[in-house]
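Colleague: I have a model open and would like to talk it through with you. Can we start with how the strands are paired, and then move on to the charges and the contact?

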Amino acid sequence: MSTALIARPAAVHADVLLEPTWAEIISITPEVEGVSTFTFRFIDPLVRQAYSFRPGQFNMVSVPGAGEAAISISSDPADCENIGHSVRFVGNVTHSIGRLKVGDVVGLRGPFGSSWPVNEIEGKDVFIATGGIGLPPLRPVVYHILHNREKYGKVTLLYGARTPDQLMYTEEYEGWRQAGIDVQLSVDRGDQSWTGRVGVVPMWFYQFRIDPRKTAVLTCGPEIMIRFVIYEALARRIPNENVYVSLERNMKCGQGSCGHCQLGPYFICKDGPVFRFDALQPFFNVEEF
Amino acid sequence: MPEERLPEIGSTVSIQKPVLNTLLARLRDEGFETIGPRVKNGTLVYGALESLEELPRGYVTEQQAGHFRLVYAGHTRYFDAIPGQPSWKQFLFPARLELFSMHKNGKGWEVSKPQPEKRNLAFIGVRACELAAIQIQDRAFIREDFSDPLYRSRRERVFILAVDCLHPGGTCFCASLGTGPRANDGFDLRLTELDDVFLIKIGSELGRAMMSGVPREAASAFLMSSAERSIERANENMGRVLDTSDLPDLLLNNLDSLEWDEVARRCLSCGNCTQACPTCFCWDAVDELDLTGTQASRVRVWDSCFNPDYSYQAGGNTRPNIRSRYRQWLSHKLGSWVQQYGTFGCVGCGRCITWCPAGIDLTQEIAALRKETVA
């Protein structure tokens with residue numbers, strides 16, 4: 001196994017975990033069009049207390065009769081009892097989630113997957129480049145940094161969306177800025193009210209002075225954006241061991257058993273979803289692989 | 001009364017052929033359901049096997065790319081016929097299995113698990129390639145980090161009577177993968193069919209115990225060398241050859257080759273190969289809901305990387321055409337499988353070649369890829 005793969009937390013279960021554990025929806029917050037954040041609490045108090053996750057991990061969210069979908073956990077890892085998932089309604093299962101109300105019950109299986117290397121990048125500058133629905137899997141990193149600000153150098157969040165009304169978590173930006181995170185935004189198309197940058201995220205790299213010797217780049221989002229962010233990062237001589245990516249594929253089991261999420265030798269659910277880029281390099285730019 | 005002296009593990013005995021019925025009866029007395037190759041509907045399947053007489057004695061199978069015929073040739077051997085499409089995978093990894101059911105209870109759901117597996121199965125006639133395939137699936141389902149209780153509970157209840165292949169078929173290439181024609185370790189008993197007797201090698205304590213009460217003799221040196229010669233002949237008479245010397249790198253370094261476009265013109269993406277393949281393990285979980293919306297079942301079914309929906313997610317498909325899907329299958333089976341599980345995923349059984357309606361032969365595809373890259 002490549003040493004570039006992120007070490008996973010030790011397996012909690014020796015058996016593959018196939019059955020969900022039930023959780024109640026305690027709040028639903030509409031974010032942008034087609035996306036709402038659902039906060040779940042496990043019904044069983046023992047499970048509620050035992051559950052914990054690391055930034056970047058995901059749960060398989062079950063709606064009985066509809067199926068399961070892999071959804072990143074987007075809430076603060078310091079609070080493991082109220083688990084937030086920002087869900088984009090795009091398929092059968094996510095639309096079924098979208099029809100649920102506060103008090104309804106879903107199944108959760110997890111947490112699964114590798115996590116953002118918040119420990120390995122201590123002491124470095126952190127450049128988070130993301131867009132659209134790519135921010136939710138990175139928000140737990142932002143929270144972790146906020147709780148541990150002194151452990152990191154310069155921290156920049158470069159976040160873009162198609163239009164201003166598709167920027168997520170806008171009410172939190174001021175708090176993040178106050179806590180020492182340089183939040184920089186961009187949109188593909190502005191509107192009457194927009195006075196900020198217009199352009200896709202990767203093209204704004206040149207505006208930031210990034211020290212390639214000590215910057216870690218974390219990126220997640222539409223794969224086309226990820227490709228260009230990596231291109232820009234490598235063009236700035238950031239070593240590919242300092243670039244981390246979270247990928248997404250069709251997932252069914254979440255544990256490397258069903259085969260769906262494979263990219264070359266990796267199971268995105270178990271060897272990822274967070275990868276150090278040098279592990280992905282042989283496969284990443286192969287079309288339709 | 002003197003206790004019967006059972007043969008040691010690793011030793012080989014010879015039995016008269018009808019005595020196999022005594023062994024089958026012994027297995028049934030111990031609670032095993034004996035399953036073996038049966039002729040059915042013009043092909044070979046794995047079904048209940050009560051006695052030697054039910055084996056496909058005298059049959060051969062003609063197998064070529066996209067061609068299978070079961071032919072009665074009239075010879076005297078019981079275990080000669082190279083298998084049809086079904087493999088032992090259907091028992092250890094059933095094509096359809098309920099994982100659990102959910103019953104709505106107020107706002108919440110109660111989960112009921114199905115009854116645990118209770119059947120003890122004795123696989124009679126597991127060919128060398130098939131034994132290797134079972135061991136490959138063992139590595140996929142029973143891992144250090146996670147193991148699948150559904151597979152494990154079935155696997156633990158299986159008795160394996162392996163069989164050496166002495167007359168390989170038209171699409172066989174086990175010798176190229178080192179998985180046959182002699183069955184490697186991992187069996188309870190291993191049978192080699194000679195003209196007059198079966199040689200039985202003891203492979204485990206369980207195999208040893210099942211020989212109790214089965215009339216036998218120590219295998220003579222003459223019989224053993226006769227078996228060796230047959231195996232050597234089989235080794236030289238494979239229907240196909242696959243050069244694996246530059247695999248897996250040949251595949252993983254040539255993902256952009258034009259050969260993938262070439263095979264995509266012929267491949268139908270029908271998935272027959274993955275269904276017939278004894279090592280393919282991909283599965284899907286499907287929810288079934290009744291009309292009242294209160295009773296749901298989550299069912300595990302076989303899936304295939306050739307299925308157009310396999311890579312569909314969030315409104316897009318990462319493998320939207322046949323070229324990308326065929327490449328995924330072959331570059332996994334003989335490529336990335338090695339990094340994942342330490343062996344090739346292919347055992348050289350030839351089912352994918354025989355059962356491909358387009359007659360695609362992966363030994364030829366690998367050769368074509370090699371030629372295109374070296375040229």
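This is a predicted model: local features need pLDDT of at least 70, side-chain atom pairs count only at pLDDT 80 or more; totals for chains, interfaces and linings use all residues.

Colleague: Fine. How many bridges join strand 6 to strand 7 in chain B?

Modeller: Five bridges join them, with strand 6 covering residues 96-105 of chain B and the two strands running antiparallel. Among the residues involved is B:Met102, whose bridge partner in strand 7 of chain B is B:Val111.

Colleague: And in what order do the strands of that sheet come?

Modeller: The order is 7-6-14-13 in chain B, an open sheet of four strands with antiparallel pairing. Strand 7 (108-112) and strand 13 (283-289) of chain B are at the edges, and because each has a single partner strand, one side of each lacks a neighbour in the sheet. On average, neighbouring strands of this sheet are turned by 25° against each other, if direction is ignored.

Colleague: Let's switch to charges. Which residue does B:Asp284 meet in a salt bridge?

Modeller: The side chain of B:Asp284 meets that of A:Lys252, at 2.9 Å from N to O. B:Asp284 lies in strand 13 of chain B, whereas A:Lys252 lies in the loop between strand 12 (243-246) and strand 13 (262-263) of chain A, so the pair joins two chains.

Colleague: Are those two buried or exposed?

Modeller: Both B:Asp284 and A:Lys252 are buried.

Colleague: What about B:Glu288, which residue does that one meet?

Modeller: B:Glu288 forms a salt bridge with B:Arg96, at 3.1 Å from N to O. This pair links distant parts of the chain, since B:Glu288 is in strand 13 of chain B and B:Arg96 is in strand 6 of chain B, 192 residues apart. B:Glu288 counts as partly exposed at 33% relative accessibility, while B:Arg96 is exposed, with a relative accessible area of 52%.

Colleague: And where do B:Asp164 and B:Arg182 lie?

Modeller: Their side chains meet in a salt bridge at 3.6 Å, N to O. B:Asp164 lies in the loop between strand 9 (158-163) and helix 5 (174-177) of chain B, and B:Arg182 lies in the loop between helix 5 and strand 10 (189-193) of chain B, so the pair ties together parts that are 18 residues apart in sequence. B:Asp164 counts as buried at 4% relative accessibility, and B:Arg182 as partly exposed at 22%. There is also a network in which salt bridges that share partners join A:Glu68, A:Arg109, B:Asp287 and B:Arg298.

Colleague: How much area is buried between chain A and chain B?

Modeller: It is about 4100 Å², of which carbon and sulfur atoms give 53%. The contact takes 45 residues from chain A and 51 residues from chain B.

Colleague: Last topic, helix 3 of chain B: how many of its residues are buried?

Modeller: Twelve of its 14 residues are buried, so the helix is mostly covered, on the cut-off that buried means under 20% relative accessible area. Among the buried ones are B:Cys129, B:Glu130, B:Leu131, B:Asp138 and B:Phe141. The helix, residues 128-141 of chain B, reaches 20 Å from its first C-alpha to its last, close to the 20 Å expected at 1.5 Å a residue.

Key
Residues are numbered from 1 along each chain as its sequence is written. Chains are lettered from A and ligands numbered from 1 in the order in which they are written. Side-chain values use heavy atoms; hydrogens and water are left out. Two strands pair if DSSP finds at least two bridges between them. Axes are lines fitted to C-alpha atoms, for helices over the stretch in contact, and angles run from 0 to 180 degrees between N-to-C directions. A salt bridge is a side-chain nitrogen of Lys or Arg within 4 Å of a carboxyl oxygen of Asp or Glu. Buried means under 20% relative accessible area, exposed over 50%, partly exposed in between (1.4 Å probe, protein chains only). The expected span of a helix is 1.5 Å times one less than its number of residues. Contact means heavy atoms within 4.5 Å. Buried area is the accessible area (1.4 Å probe) that two parts lose on being put together, summed over both.
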